[in-house]
Structures are given as structure tokens and as C-alpha cells.
Amino acid sequence: GLKRDRFVGTSAQEVLHSVFGYPDFRSLQTQAVEHVMHGQDVLVLMPTGGGKSICYQIPALCRAGMGLVISPLIALMDDQVASLRQVGINAAALHSELDADEASAVQADITSGRLDILYVSPERLLSPATLERLARQKLSLIAIDEAHCISAWGHEFRPEYRALAALPQHFPGVPRIALTATADQRTRDDILAALGMPHAAVLVSSFHRPNLSVTALPKGSETAQLLAALEKHRNEACIVYCGSRARTERIAAALRTKGYAALAYHAGLSALEKRAALLRFRSGEPLIIVATIAFGMGIDRPDVRAVIHLDMPASPEAYYQQIGRAGRDGLPSDTLLLYGGDDMARARHWLEMSTAPDTEKRIMRSRLEAMIAFTETTSCRTTALLHCFGETLPEPCGHCDNCLHPVLTFDGTQAARKFLSTVYRTGQRYGVLHIINVLRGKQTEAVDRNNHEKLSVWGIGKDKTELFWRSVSRQLIARGALKTEGQYSGLVLHPDVARPILRGEETVHLRADTTAELEKAISNRN
Ligand code: ADP
Ligand code: ZN
């Protein structure tokens with residue numbers, strides 16, 4: 001058979017040509033490969049479809065030893081192994097779905113020293129038997145795929161990833177390359193800290209997907225909105241995301257009665273049903289998958305023309321990843337998010353009721369609030385979304401709903417100043433509800449305890465409803481003037497953004513959300 005290390009001494013570029021058949025590296029791939037070739041640790045942040053696998057597959061081949069790839073997803077591992085084998089690479093996967101015979105065949109492969117690349121799930125890797133077997137092998141590198149799973153900030157936290165902190169003890173001197181499509185700063189810092197690689201090179205590619213048009217609309221008549229959005233995609237592949245299993249079934253059935261090929265997909269299906277649905281989806285036929293988030297990582301159909309959310313995702317990261325499943329082929333594709341106050345209240349409620357540890361709840365809460373803030377954005381949506389990932393677009397995208405149809409707004413400068421002043425005067429540590437109570441002069445126990453009825457801001461927002469103030473607060477969060485912090489999600493000013501507003505140096509246009517404001521905005525326009 002083929003000997004391991006047969007590519008040692010061959011250039012990365014040459015392996016890219018001869019093994020993978022690609023003419024050139026994409027820009028970030030070159031840098032990632034170079035770092036790993038030099039034995040340095042790297043963190044690669046690239047959107048889904050950006051080409052992360054090449055970043056570790058090439059150096060795994062060009063360096064002496066076996067490449068070890070840690071992945072949380074069995075289906076993804078099997079896919080990768082199959083495609084590597086097709087191009088003549090000796091790859092195998094070790095995970096919990098192998099039967100005893102299959103597992104011992106892989107173990108024999110490892111011991112034989114012939115494997116070019118081994119994919120392994122974290123729990124399998126960290127079993128004493130596997131560690132011992134691997135310790136006797138030379139490793140070319142360790143790749144940690146879906147590295148955001150290590151972060152408790154992440155929307156896909158996997159406790160077993162935490163144990164990967166011990167990798168350098170087990171495999172000293174082996175370069176590590178962590179890869180993820182989740183790019184916000186907190187996750188990034190958390191990955192570096194949790195893996196113990198503070199000096200890793202951090203390579204970030206743009207998350208801008210110019211072929212995706214981003215639209216978010218208040219939920220009205222849901223089914224009518226869905227049908228209208230799908231009309232243009234009659235014979236195409238689409239994904240509709242819903243918050244619950246029952247809803248996926250109901251919506252899929254409703255779409256079928258309208259003549260669409262539609263299938264529900266959720267974690268409650270049998271393994272066989274899931275596989276059948278995936279096969280149909282991958283076959284290329286026109287099909288609408290109505291799914292919960294269980295329909296997730298590892299979907300690789302390039303021509304998905306629309307991703308529609310009937311319920312609000314729990315975080316901008318999850319949202320970005322889900323809409324990112326549209327238009328992988330680079331052709332124009334639509335995304336639509338339907339949001340409603342009910343959704344938001346329900347999401348907040350479930351979060352409060354959740355039995356998750358407080359640290360996790362805090363994280364989930366701040367992500368949820370960022371997601372809510374996104375829906376409130378009156379300016380370019382693409383810009384707002386990329387902003388969540390620390391990226392700045394030089395100019396508005398020109399094709400999101402807010403760019404195409406400027407939003408009805410009202411002059412909210414006074415309201416914004418009142419709100420920000422109240423946050424400031426109460427010491428920047430209270431949540432939205434308390435701030436609103438102070439603004440509206442509502443006597444509560446907390447007001448009493450803190451003597452907040454003595455403040456100059458007490459009752460200055462009496463003339464407006466709680467709903468109005470909630471909308472103002474969400475929009476101030478959206479524009480970055482306020483953020484939530486700490487155990488109790490206290491509102492805190494962002495001085496650079498809030499100061500000009502407080503000083504009256506900046507006019508604040510707010511989205512007209514409440515009926516009263518909408519009516520005013522319309523009558524002003526006429
Ligand atoms: P990710 O893991 O970032 O989602 P993949 O590694 O699966 O992305 O790659 C996405 C697609 O891009 C694959 O179809 C892959 O074959 C292709 N690809 C990756 N690198 C290159 C390259 N340098 N040139 C051409 N195609 C590439
Ligand atoms: Zn835009």
C-alpha cells in the first residue's frame with residue numbers, strides 16, 4: 001500500500017494541484033498552511049464553505065507523521081474520510097458509531113503507521129487506550145475542527161471539548177490548528193484561552209457573503225409571508241427553520257398542500273428517516289426542508305436558494321451560520337427572518353426558566369439580546385450582522401431590506417437621551433425593566449430600596465408605554481449605545497456612542513414600532 005509521509009519534501013502548492021486538483025490556494029489558506037508547516041499554532045476563522053479543511057489537510061500530508069483531526073460530527077468525519085480516500089489519501093475515522101470490528105480495524109491502521117490522516121471524536125481521542133496508541137505515533141499536526149464547541153460562549157458548546165486543553169501534555173511539540181466559522185471576539189478569545197495557545201496566529205477571513213440578501217420582517221400572517229417568500233423559489237431548494245418539532249411537521253404539511261415538495265427534519269426522527277431526508281436533499285431535486293436546528297452542520301448542498309426563519313434564532317452566530325447555508329455556489333440567494341415580540345418574550349422566558357448554570361445563562365442572554373437588537377436595526381442589515389463578528393463593511397450592502405426600503409422612523413433623540421440618562425443616573429447596573437420603571441415613575445420594591453424616586457429622571461418617561469421604552473432600549477442596544485453586562489444583565493453605556501447622544505450632538509432616528517409612533521411617522525410623511 002501507499003506509504004505515509006510520501007508527500008514530505010513536496011511543496012504545499014504541488015500537493016494542492018496533484019492531490020486535490022485545485023490551481024491555487026485561497027488567500028487565508030496559504031497563510032494557515034505556512035504557519036503550520038513551520039510548526040506554529042494557528043486559529044483559523046472562516047465562514048462555512050470558505051475552505052477550512054485544506055488548511056490542515058495539506059500540512060498533514062507535507063509534514064512527517066500522521067495528521068490528527070478532532071471533529072464533533074460523525075457524519076462530517078465520514079464524508080471527509082470518503083472524499084480523501086477518493087483522492088488516494090489514507091484516511092480513517094474513529095468514533096462511537098463504529099462497531100467493535102470496525103474500531104479494531106482503525107486501531108490496527110493507527111498502529112501500522114500507514115495512516116495519513118485520522119479523524120477522531122474528542123471523547124474517543126481522550127480514552128486512555130487511544131491516547132496510549134497515539135502516543136507511540138509521530139503526529140504531523142493536531143487540527144481542532146469546529147473549535148467554537150470549546151467555548152461556553154458558543155451556541156454549540158460541547159463539554160467534552162474542554163478536555164482538549166490537555167493536548168499539549170499528551171502530544172508535546174505538535175502544532176495545533178483550530179478552525180471555526182464562529183468569529184466573534186469572545187469566542188475567539190475563549191478558544192485561545194481554553195486550548196492554551198495564547199501565541200497562536202489568528203487568521204480571520206471576511207464573513208461578508210455578498211450574494212446573500214438579508215431581510216427581516218415583523219411577523220404578520222406567517223403562512224402568507226412564507227408562501228410569498230417561497231413563490232419565487234418554486235423549483236428550487238430551500239430551508240425553513242422553525243423553533244419546534246411540531247411546527248416543522250405542521251409547516252411541511254401546509255407546504256405540501258400548496259404543491260411544494262417539503263419534508264420535516266428534526267431530532268425526533270429516526271436515524272433512517274433523517275438519512276433518507278438528507279439523501280433526498282443532497283440529490284439535487286427541488287425540495288424544501290422544514291427543520292429545527294437539528295438540520296445543521298455538514299449540510300453541503302451548494303444551490304440552496306433561500307433560508308427562511310419562522311422563529312428567531314437564539315444568537316447572531318446561530319443565525320449567520322444558518323443563513324450561510326444558502327448560496328454556497330455564489331449565486332444570489334434570499335434569506336428572510338420573521339420576528340415578533342412574542343418570540344422575543346418567549347425566548348427570554350425560556351432562558352430564565354432554563355436550568356443551565358448561571359454562567360451559561362448569562363452568555364445565552366447576551367447573545368439573545370444581540371439577536372433582538374439585530375431585528376431592530378434601521379440601517380444596513382448586512383453591516384449590522386457583520387458588526388457582530390467584529391467586521392466593518394466600507395459601505396451599506398445595497399441589497400438588504402433596509403437598504404432597499406428605508407425604514408419608517410421618528411426622531412427619537414429625546415427618548416434616547418431620557419433612556420440613557422436613566423441608565424447613567426441609576427449607576428449602570430440595572431436591567432431594562434427597572435430602568436423603564438424609573439422612567440415611568442412606577443413604584444416598585446427595587447425603586448424603594450434604592451431611593452430611585454428621588455432621582456431627576458424619575459417619571460420623565462411617564463407619557464410613553466412600556467412597549468415604547470422596550471423598543472427604544474432594544475434600538476439603543478442595536479446601535480451600540482447600550483450593552484448588557486454582568487450577572488443581572490445590567491445595562492451599561494458605551495461612552496463613545498452614548499456621549500454624543502446625551503450631549504445632544506447627535507440626532508437619533510428610531511424605527512417606528514409601536515402603533516402610536518407608526519401613525520405619527522406615516523402622518524409626518526404625508
Ligand atoms: P469549510 O470547512 O470552511 O466549510 P470546506 O473545506 O468544506 O469548507 O471547503 C468548501 C469548498 O471549497 C469545498 O467544496 C472545497 O472543495 C472547496 N475549496 C477549498 N479550497 C479550495 C481551493 N483552494 N480552490 C478551490 N476550491 C476549494
Ligand atoms: Zn444593506
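Trainee: What makes E146 count as buried or exposed in this predicted model?

Mentor: The C-beta count decides it. E146 has 23 other C-beta atoms within 10 Å, and a residue is called buried at 20 or more. E146 is therefore buried.

Trainee: Where is E146, and what is its phi?

Mentor: E146 is in the loop between β5 (139-144) and α8 (159-162). Its phi is positive, about 50 degrees, although E146 is not a glycine.

Trainee: How do you know whether helix α17 (residues 381-388) is mostly covered or uncovered?

Mentor: Seven of its eight residues are buried, and the helix is mostly covered on that count. The buried ones are R381, T382, T383, A384, L385, L386 and C388.

Trainee: What covers the buried residues of α17, and which residue just after the helix has a positive phi?

Mentor: The cover includes β8 (212-218), α14 (316-323), α16 (358-376) and α18 (401-404). Just after α17, G390 takes a positive phi of about 75 degrees.

Trainee: Which residues make up the contact of α2 (residues 27-37) with α3?

Mentor: From α2 come Q29, A32, V33, V36 and M37; from α3 come I54, C55, I58, P59 and C62. They divide into nine nonpolar, one polar and no charged.

Trainee: How do the two helices cross?

Mentor: The angle between α2 and α3 is about 35 degrees, and their axes are 9 Å apart. The crossing is right-handed.

Trainee: What makes up the shell around ligand 1?

Mentor: The residues around ligand 1 are Y22, F25, R26, Q29, M46, T48, G49, G50, G51, K52, S53 and I54. Helix α3 (residues 52-62) gives the largest share, three residues. The shell divides into four nonpolar, six polar and two charged.

Trainee: What scores does the model have?

Mentor: The protein chain averages a pLDDT of 90, and 96% of the residues score at least 70. The model scores ipTM 0.97 and pTM 0.68.

How values were computed
Residues are numbered from 1 along each chain as its sequence is written. Chains are lettered from A and ligands numbered from 1 in the order in which they are written. This is a predicted model: local features need pLDDT of at least 70, side-chain atom pairs count only at pLDDT 80 or more; totals for chains, interfaces and linings use all residues. A residue is near a molecule or strand if its C-beta atom, placed from the backbone, lies within 6 Å of it. Helices (H or I, at least four residues) and strands (E, at least two) are DSSP runs, numbered from the N terminus. Ala, Val, Leu, Ile, Met, Phe, Trp, Tyr, Cys and Pro count as nonpolar, Asp, Glu, Lys and Arg as charged, and the others, Gly among them, as polar. A residue is buried if 20 or more other C-beta atoms lie within 10 Å of its own, exposed if 12 or fewer, and partly exposed in between; C-beta atoms are placed from the backbone. Two residues are in contact if their C-beta atoms, placed from the backbone, lie within 7 Å. pLDDT is the predictor's confidence in each residue, from 0 to 100. Axes are lines fitted to C-alpha atoms, for helices over the stretch in contact, and angles run from 0 to 180 degrees between N-to-C directions. A crossing is left-handed if the near helix is turned anticlockwise from the far one by less than a right angle, and right-handed if clockwise.
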